Amino acid sequence: MFEQSTQGLGRDPETLFYEIAQDNEVIHIFKYHSLRVMFLSSMLAKRMDCYDEDLRIASMLHDIGKMGIAKNILLKTEELSELEFTIIQSHSHVGNVIVRKHLGLTRAARFIRDHHERWDGNGYPRRLLGDEATIQERIIAICDAFDTMTIDRRNYQKETLSYEDAVKELQRCSWTQFDGNLVNVFIGMIEEGIKIPEYMLQEL
Ligand SMILES: [Fe+2]
Ligand SMILES: [Fe+2]
């Protein structure tokens, strides 16, 4: 009984990448994106006074549910078919299950499930509206989008945006995709100058 209740607990969240990913290329892509989203989310959460270990782990493992998806879908640069998009979207749910069952972190798992919700209620998987998504989930959504725009464009266009253009894009999506107040705080943070640690900036 003791064994069962502690199964999975105490495992290092970082090693999950290695346990789940199909190969090194997939690890390489997700590991550094994940570290940067963790770095940015932790910083923003500290400003909002809501930083804790669940936020840190959820931001690091937000895409852990993608690690087992077929590589030709994960790395596809052309537009995804409806079926492929459904498969990609499933990473919110899969990530939730992995972190809840494997690490026993129910609250962090919930943040992972809802990191693709949108302020206007058009996100997934639950179509939460406004602050029905927790502040932690809204923080991860902004930092995820910012990193994807500035560094990691694997599923979108090939070019990355400058910080300036990415900031404009966040502003454009305020109160539709993102919590506009959080966007303002995030932009303040970027304008003060942030230095992402070198080891998180590996090339794709
Ligand atoms: Fe995601
Ligand atoms: Fe992501």
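Q: In which hand does H8 cross H10?
A: A crossing is left-handed if the near helix is turned anticlockwise from the far one by less than a right angle, and right-handed if clockwise. In this predicted model, H8 passes H10 in a right-handed crossing. Helices here are DSSP runs (H or I, at least four residues), numbered from the N terminus.

Q: How are the numbering and the values to be read?
A: Residues are numbered from 1 along each chain as its sequence is written, and chains are lettered from A and ligands numbered from 1 in the order written. Local features need pLDDT of at least 70, side-chain atom pairs count only at pLDDT 80 or more, and totals for chains, interfaces and linings use all residues, while side-chain values use heavy atoms, with hydrogens and water left out.

Q: At what angle do helix H8 and helix H10 pack?
A: Two packed helices are described by the angle between their axes and the distance between the axes. Axes are lines fitted to C-alpha atoms over the stretch in contact, and angles run from 0 to 180 degrees between N-to-C directions. Helix H8 (residues 135–150) and helix H10 (residues 180–192) pack at about 50°, with axes 10 Å apart. That makes H8 oblique to H10 (under 35 degrees is roughly parallel, over 145 roughly antiparallel, 65 to 115 roughly perpendicular, the rest oblique).

Q: Which residues coordinate the iron ion (ligand 1)?
A: Donors are N, O and S atoms within 2.8 Å of the metal (3.2 Å for Na, K and Ca); water is not among the atoms, so sites may look incomplete. Asp63 (OD), His91 (NE2), His115 (NE2) and His116 (NE2) coordinate this ion at 2.2 Å. Their spacing in sequence is D-x27-H-x23-H-H. Asp63 lies in the loop between helix H4 (53–60) and helix H5 (71–74), and His91 in helix H6 (residues 82–103), 28 residues apart.

Q: Which residues coordinate the iron ion (ligand 2)?
A: The donors are His33 (NE2), His62 (NE2), Asp63 (OD) and Asp144 (OD), at 2.1 to 2.3 Å. Asp63 bridges the two iron ions, which lie 4.1 Å apart.

Q: Why is the arrangement around the iron ion (ligand 2) irregular?
A: Four donors are tetrahedral if all angles lie between 85 and 135 degrees; four are square planar and six octahedral if opposite donors are over 155 degrees apart and all others between 65 and 115; anything else is irregular. The 4 donor atoms around ligand 2 subtend angles of 80 to 175°, which makes the arrangement irregular.

Q: Are Asp63 and His91 buried or exposed?
A: Buried means under 20% relative accessible area, exposed over 50%, partly exposed in between (1.4 Å probe, protein chains only). Asp63 is buried at 2%, and His91 is buried at 0%.

Technical notes
Helices (H or I, at least four residues) and strands (E, at least two) are DSSP runs, numbered from the N terminus.
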